[in-house]
Amino acid sequence: MHMDRTFQGSPTPGPNATTLARAVGLTVDMPVQLGASSVRIVDGVDFAIGVGERVALVGESGSGKSVTARALMRLDRAARVSGRVEFAGRDLLALSEREMTQVRGGDIAMVFQDPMSFLDPLMTIGDQVAETLRIRGVGKADARRRALAVLDELRVDRAAERLDAYPHEFSGGMRQRVVLAMALVGEPRLLIADEPTTALDVRVQDQVLDLLDDVSARRGLAVLFITHDLGVVAGFAERVMVMYSGRIVEDGSVDSVFARPRHPYTRGLIKAVPRIDQDLDRLYAIPGAPPPPFARPTGCAFHPRCDAAFAPCLRDVPAVLPVEGGRAACHLHASQGA
Amino acid sequence: MLLSVDGLCKTYASFPNPPVQVLHDVSFGLDAGQALGLVGESGSGKSTIAKCLMALTRPEQGSITYDGTDVVRARGADLLRFRRDVQMVFQDPYGSLNPRMTVEELVGEGLLVHRLEPTPAARRDRVAEILRTVGLNPDDRGRYPRSFSGGQRQRIAIARALAVQPRILVCDEPVAALDVSVQAQVINLLQDMQRQFGLAILFIAHDLAVVRHLCERIVVLHKGRVVEQGTRAEIFGSPREAYTRALLDAVPVPDPAVGRARRRQLQHQS
Amino acid sequence: MPALKVYAWFLLKRLGLTVLTLWGLATLVFLMIKLMPGDEAQMAAGADASAAQVEAMRIRLGLDAPLVAQYLRFLLRVAQGDFGTSIVTLQPVMSDLGKVLPSTLELVVVAMLINLSVAIPAGIVAAYRQGGAFDSLCRAAAVTLGGMPAFWLALVLQFLLGRVWRVVPISGQVSFGMGSPVVTGAPSLDALLAFNGAGFLNALWHLALPAAVLAALFSTQVFRTLRASLLGVLRSDFVMAVRAKGASARRMLTDHALPNSLNPVLTLAGTQAGAMIGSAVLVETVFARKGIGAYMFNAVAQKDTFAVLGSVMFIGTVVCLVNLAVDVMQLVLDPRIRSAQFGSQH
Amino acid sequence: MSAPAVSVRAPRAGLGLSAFEASVIGLVVLLLAVAVVGPLVAPESVYRSDIANALLPPGAGHWFGTDDQGRDVFWRLVVGARTTLLSAFLVVTLYSLIGVAVATIGAAGPRWLDETLMRITDIGLALPGMVVALGFAAAMGPSLRSAIIAMAITGWPITARLLRGIMRQTMEAPFVAGARALGVSRWRLMTCHVLPNSLDVLIVKWAGDVGTTVLVLASLSFIGVGAQPPSAEWGATIAGARGYVSTAWWTVVMPGAAVAITSIAFGLLGEIIQVRRDPSLRGN
């Protein structure tokens with residue numbers, strides 16, 4: 001189905017950045033629970049992340065954004081991942097599970113949406129943060145000291161006295177800091193943040209974003225930020241990739257994507273969100289709903305909801321082609337000879 | 001005033017934990033045809049207010065008056081009239097529709113309970129009409145909720161509420177669980193219904209941008225207390241309370257230039 | 001959070017439930033006595049008792065009083081540990097059972113050890129390799145064993161292993177001449193107390209098959225519960241977070257997944273400890289072992305209904321106490337409650 | 001919320017019975033057929049003793065051999081199937097009805113009643129069911145009827161507790177609050193909204209319960225408080241043949257195998273239904 005797609009060379013990070021991680025033709029199939037068949041959640045995705053670059057991956061439910069992120073770290077044991085995932089020149093998909101454990105938490109770390117469910121309820125937070133180091137052979141006292149240092153860096157109140165406390169004794173915002181500390185203590189070069197602020201109240205979300213912004217700037221940490229919230233993207237990322245039904249439909253700098261969205265989906269999405277700083281009489285509404293992965297429309301998956309769709313959109317999956325300021329996968333641009 | 005809430009207090013007890021007071025002296029009013037926004041973070045008590053308003057739970061102090069009726073103490077025919085005039089749309093479009101009822105049964109249940117359409121045929125026509133109004137195909141009335149997407153289910157929920165021709169619609173986070181690209185459809189539908197039927201809407205949400213878009217008056221809640229209330233222009237243009245300002249400042253704006261400016265401002269402060 | 005209060009409340013609730021359960025049990029047993037067909041006094045006095053003896057018994061048992069008074073009197077008797085008198089041994093049921101209880105406990109403890117030490121590792125491996133050959137094998141074994149009548153399994157294995165292949169003794173608790181002086185009533189323990197090594201091994205040898213049968217019966221539940229619980233935990237988010245830290249599969253299982261999935265197993269094991277005492281009635285008699293199961297079986301056979309009901313009361317009480325002990329153990333093991341006990345650190 | 005939302009009702013091919021599932025269902029149907037038809041086609045000699053032919057080993061004349069009374073073991077099993085299965089169904093039906101009644105009264109009634117019923121249920125759950133059943137059966141006078149009543153009395157708390165838990169969950173679902181807000185009566189709330197969304201669990205539980213009940217009934221008969229010897233009920237048959245295990249193994253092994261196969265078949269049926277409801281528990 002995606003064989004007829006043409007890749008325009010290999011994907012590159014944003015300007016002025018050297019490539020840290022790259023996915024080429026990344027495809028993820030998930031087994032369906034009953035029966036032996038599987039569903040293609042991610043369908044041949046290419047992208048690159050530069051050293052210290054902050055990239056947002058935007059998508060709705062079923063777009064495959066979280067599955068893409070987990071596939072980079074090979075976190076999901078049931079998923080069948082194919083294509084290439086390069087990190088600092090190595091193909092992660094070719095590594096053994098044992099080698100992969102060195103990459104996880106060491107080179108690439110991850111923070112998750114709901115901090116409570118991502119913490120072990122029966123282990124103290126000190127032990128959980130230090131575990132990343134203990135796995136790598138750091139001594140007990142040393143690991144504890146470094147865990148404390150990171151918790152302090154993330155401004156966890158009274159971290160020293162609370163090392164032996166359990167997750168249920170922390171508030172939502174503090175828990176997210178603990179999860180962030182767990183990720184940062186191994187000094188990774190790429191942090192994947194999977195909707196880390198979605199479950200939080202706006203004020204706490206603001207604090208956590210601030211912290212993330214601060215830490216990534218100070219440590220030169222690359223961040224892949226997965227979210228459905230365009231507001232968060234605009235304030236945090238340098239580059240945006242938009243996913244729809246398992247494929248990347250647009251990729252570009254935040255400024256160009258927000259100012260001149262190339263894909264009708266991106267354009268609709270930006271217009272459909274009410275804004276705190278503007279009064280509108282009526283919102284633009286994209287008709288229909290995002291398709292589930294097992295009922296992906298033919299051709300461009302967005303065509304049933306697109307008001308600009310024409311014949312090729314129903315037939316062919318559009319190639320991701322370079323446009324000014326980035327890339328887009330839309331037949332409108334292909335026919336204009338971009 | 002169509003609905004007025006005065007001095008509401010509510011405490012939840014869960015022995016052996018100490019009781020938690022979730023509402024402290026909450027008062028506000030809703031005029032006919034008006035859209036009122038109730039905003040607050042988690043733990044602000046906004047959902048408890050909805051439960052009290054719908055007479056699903058009883059506040060230990062304060063009064064709720066609807067069109068001359070004391071809702072807290074209403075019984076029998078008074079309560080039934082209230083239950084017809086005030087309808088509710090819930091957050092979770094998956095849990096708020098009985099999975100074992102067809103669309104027709106769901107939308108027609110209010111007509112049945114309040115004996116609004118005497119014959120099954122009349123009920124069926126009324127259901128078809130209301131389904132068309134909310135943008136659903138009447139031919140789908142024999143299907144079950146599970147075969148609809150989240151946005152469509154929310155339309156069914158709205159149709160179910162509107163079938164009995166209420167005067168007030170209480171919406172508890174009706175778009176929070178929907179995909180971004182679908183939220184606008186439901187927001188627009190609510191707006192259309194308000195204008196078309198002269199409905200009063202009590203819109204409970206944590207998303208200030210949606211509230212700004214939909215509501216003429218806004219009540220800001222924090223830890224079970226009303227912090228500030230006023231018109232849209234007052235709350236968003238010149239908030240008086242520091243809490244309201246902090247809340248507004250924290251909302252991310254989908255504009256990179258604004259985002260960068262805010263970053264610079266924060267760095268400057270620290 | 002008023003930590004100590006939470007802790008005390010939890011304990012109080014469990015204690016209250018235990019007392020309530022014992023009262024319910026006594027009420028049920030009282031009901032059973034009243035359900036018995038025929039004259040209670042006649043039965044208590046024995047079939048060949050004279051009319052005067054029956055009347056004396058009626059007055060002694062208070063059967064001439066109104067039902068409510070009988071009930072209260074019964075509760076009082078039970079509270080004092082009087083669970084009735086056997087019409088065969090003419091001894092209080094309590095003292096009869098007290099003598100054989102250690103033997104049953106010996107069987108149950110060994111069976112529980114076998115049960116947990118087989119089912120827990122099997123459950124862990126099966127859940128981690130869900131769908132693999134080992135998982136399929138274990139699940140098939142669990143279904144097969146779980147569907148077999150215990151007494152029948154005991155009979156068949158006794159016949160095959162004891163009589164045909166002669167690898168274990170057919171019955172009894174210790175071979176003739178190998179016994180030690182009775183101190184506790186549990187042969188293996190008695191042998192240890194007498195420094196009788198050979199006797200100890202001999203007692204264990206006699207225990208092997210009965211305990212294995214009892215264990216097989218219960219291990220299927222432990223296996224299924226642990227497997228399901230562990231599968232749930234393995235799918236949970238924090239396990240993914242642990243993997244994201246770079247933890248090996250082994251570390252993830254032993255340090256995180258297992259501690260989080262043991263709670264339902266512990267609860268089950270508590271219930272099982274009680275149920276095993278009850279199931280001893282099916283096993284002890286087949287292997288001609290002493291114990292409360294065999295006592296009850298004989299009582300049924302000899303129509304000694306008072307002894308049966310006394311045994312029901314006795315076993316029920318032991319089960320309640322075991323359940324209480326397990327609840328307290330869980331309380332001590334769960335940090336969510338434990339940390340509240342020592343004051344939370346907000 | 002956090003797991004990637006991929007399981008949005010993926011396509012599924014019809015009923016899609018696997019060969020294994022089909023054979024389990026086939027076995028259960030066969031057992032039911034034997035229970036229904038068996039006593040009608042069994043030769044009359046099953047009910048008569050024929051000491052001359054006692055304890056014959058399995059062979060052409062008697063597939064499963066004969067017992068100490070010279071009765072054909074195979075045909076006695078066939079005849080006993082009806083007693084055994086009917087008793088088990090009766091027990092499960094009785095305690096399910098009691099359990100549903102207790103849970104529903106608790107859910108619909110005032111709070112104090114609910115609390116009282118649940119405490120009584122807790123007491124029932126805390127006691128070892130088989131031992132209490134044994135006591136009841138012994139007290140009422142050992143017979144199959146006593147055993148059935150005793151098991152019904154001791155079996156309901158599990159159903160009541162389970163159903164009450166599910167009903168509590170269902171009653172917290174927004175659609176129930178929605179129905180109340182719409183003005184739906186208490187009766188309609190229970191019958192149209194709460195019960196239809198809660199009873200699923202009993203359908204799942206039913207088959208497994210029959211399997212377990214067959215075992216426990218046989219155990220009670222073996223102990224001597226259930227069906228009494230001339231009865232062809234399987235547990236009683238084993239109890240009667242107990243003394244012949246070393247001389248005529250077939251008299252014990254065959255009825256035991258019948259109990260085991262029935263119990264396993266219904267247990268597997270229960271598991272199949274359960275896995276179909278919650279596919280995450282399956283093995284492959």
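**View 1. Contact between chain C and chain D in the predicted model.** Chain C contributes 50 residues to the contact and chain D contributes 43. The two chains bury about 4,000 Å² between them, and 75% of this area is on carbon and sulfur atoms. C:Phe151, C:Trp152 and C:Leu155 supply 14% of the area that chain C buries against chain D, more than any other three residues.

**View 2. Polar pairs between chain C and chain D.** Two salt bridges are counted between the chains. In one of the pairs, C:Arg139 and D:Glu271 meet through their side chains, at 4.0 Å from N to O. Elements of chain C that give two or more residues to the side touching chain D include α6 (133-146), α7 (150-164) and α9 (197-235).

**View 3. Open sheet of eight strands in chain A.** The strand order is β6-β7-β8-β3-β9-β10-β12-β11, with mixed pairing. β6 (108-111) and β11 (321-323) of chain A each have a single partner strand, so one side of each is left without a neighbour in the sheet. From one strand to the next, the twist averages 25°.

**View 4. Strands β9 and β10 of chain A, with packed helices.** β9 (residues 239-244) and β10 (residues 247-253) pair in the antiparallel sense over six bridges. A:Val242 has A:Glu250 in β10(A) as its bridge partner. Helix α6 (residues 172-184) of chain A packs on the sheet, touching β6 and β7 (190-194) of chain A, and its direction makes about 175° with that of β6(A). Helix α10 (residues 264-272) of chain A lies across β9 and β10 of chain A, at about 105° to β9(A).

Methods:
Residues are numbered from 1 along each chain as its sequence is written. Chains are lettered from A and ligands numbered from 1 in the order in which they are written. This is a predicted model: local features need pLDDT of at least 70, side-chain atom pairs count only at pLDDT 80 or more; totals for chains, interfaces and linings use all residues. Side-chain values use heavy atoms; hydrogens and water are left out. Two strands pair if DSSP finds at least two bridges between them. Helices (H or I, at least four residues) and strands (E, at least two) are DSSP runs, numbered from the N terminus. Axes are lines fitted to C-alpha atoms, for helices over the stretch in contact, and angles run from 0 to 180 degrees between N-to-C directions. Contact means heavy atoms within 4.5 Å. Buried area is the accessible area (1.4 Å probe) that two parts lose on being put together, summed over both. A polar contact is a pair of N or O atoms within 3.5 Å; within protein, one must be able to donate a hydrogen and the other to accept it, and residues adjacent in sequence count only if both atoms are side-chain atoms.
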